[in-house]
Every structure is written in structure tokens, then in C-alpha cells.
Amino acid sequence: MRTAPFDAIVLSGGRATRLGGADKAEVVVAGKSLLDRAREAVAGAHTVVVVGPDVAGGPVAGVAAGLRDVTAPAVVLLACDMPLVSRETVARLLRALQSASDADGALLTDGDGRRQYLAGAYRTAPLRTAVRGLGTAAGRSMRRLVSGLRLTEVAAQAEEAMDCDTWPDVDRALRLLEER
């Protein structure tokens, strides 16, 4: 099944306090920055919107800002700190969204069943409605944003749902990428 046209919002901001304040987007893992890896994962998108650290207020504020430039009926949300998410991961998420006609989104779940809200494919209209329903996006949680959406879960393969919040995470991602 071919995936339908989609846009993407890559979130490259964040305080990165557990990385000593380093710019997460510029952290290099296996020869590529985390931002470049995220862009590669969503390379099939019609439009890719990168929301940087200049958008204050957390990931929901970033999603709200990015949605202004989204025109496709589906949008992939991807945090830049997930270097194991690939084009194949994105394609699986989009296929899951297409297959579940009653779902508003499809998101990756890690091996422990934790939902990765910033590794998901969403129908644009319901996501916009959810953002508007919050009133203000600044300081809101992703869990609250998607709480009214019908979501389908896509189990991560291997470690693709891991994110790089600490330097040991970055080292682990490097080892996993080298093993591939």
C-alpha cells in the first residue's frame, strides 16, 4: 500500500538540560546530526517544517507553530532526538493511519508500551482542532493535546522508539546504528 501525501513537522528545540544544554539538533550520531537524521526520515513529505528552539513553550507550541505551514491531509510529527526513526518507520506509521479509517493518528510505542507522541502520523484536521481546543499551546503537554484523539499504536521495531535525552543515550544510539 502506497502512503498518501503528507507533510512533516520536525521539532528541533528543547532545553536539553540532561545534555548539558547542548543543541540537540546539532548533536552528531554516526556522522550525521540528529536534525539531518530526522529530515531523512521524513524525506517523502511534500513539505517539511522544522520548528527550532526559538519557539518557546514546549513541543505543543512547536506543533502549533508548524501546523501553520501544513497543507496535506496528514502530518508526521517527529522529534529530532529519535535517530533510529527511519523512512521505513514513517511509512509504517502512515500505513497504519491509512488502514485505521476511524483513527486520528498512529504513533510509535516503545518496548514498554510507552507512547511516543512525537513519532507519529496524524490527520491534520483533528490535530488542528485539538490545538485550538487547548486555548494556549505554550506549556501544554503532548498527552493533553492528543487526549481527545483516536489513536492507533504501532509497535516499535528493535530500538527505533528510543530518544536521545542524555549523553549515554547518544552513545547507545551510535552503537545501535553501527550494528545496522
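Trainee: Why is Cys164 called buried?

Mentor: Buried means under 20% relative accessible area, with over 50% being exposed and the range in between partly exposed (1.4 Å probe, protein chains only). Cys164 has a relative accessible area of 0%, so it counts as buried. Keep in mind that this is a predicted model, where local features need pLDDT of at least 70, side-chain atom pairs count only at pLDDT 80 or more, and totals for chains, interfaces and linings use all residues. Residues are numbered from 1 along each chain as its sequence is written, and side-chain values use heavy atoms, leaving out hydrogens and water.

Trainee: What makes Cys80 buried?

Mentor: Its relative accessibility is 2%, so Cys80 is buried.

Trainee: Good! Now the helices: why is α2 called oblique to α4?

Mentor: Helices (H or I, at least four residues) are DSSP runs, numbered from the N terminus. Axes are lines fitted to C-alpha atoms over the stretch in contact, with angles from 0 to 180 degrees between N-to-C directions. Those of α2 (residues 59-67) and α4 (residues 124-133) come within 11 Å and cross at roughly 125 degrees. Under 35 degrees is roughly parallel, over 145 roughly antiparallel, 65 to 115 roughly perpendicular and the rest oblique, so α2 is oblique to α4.

Trainee: Which residues meet there?

Mentor: With contact meaning heavy atoms within 4.5 Å, Val63, Ala64 and Leu67 of α2 meet Thr124, Leu127, Arg128 and Val131 of α4.

Terms used:
Helix = DSSP H or I, 4+ residues; strand = E, 2+ residues; numbered from the N terminus.
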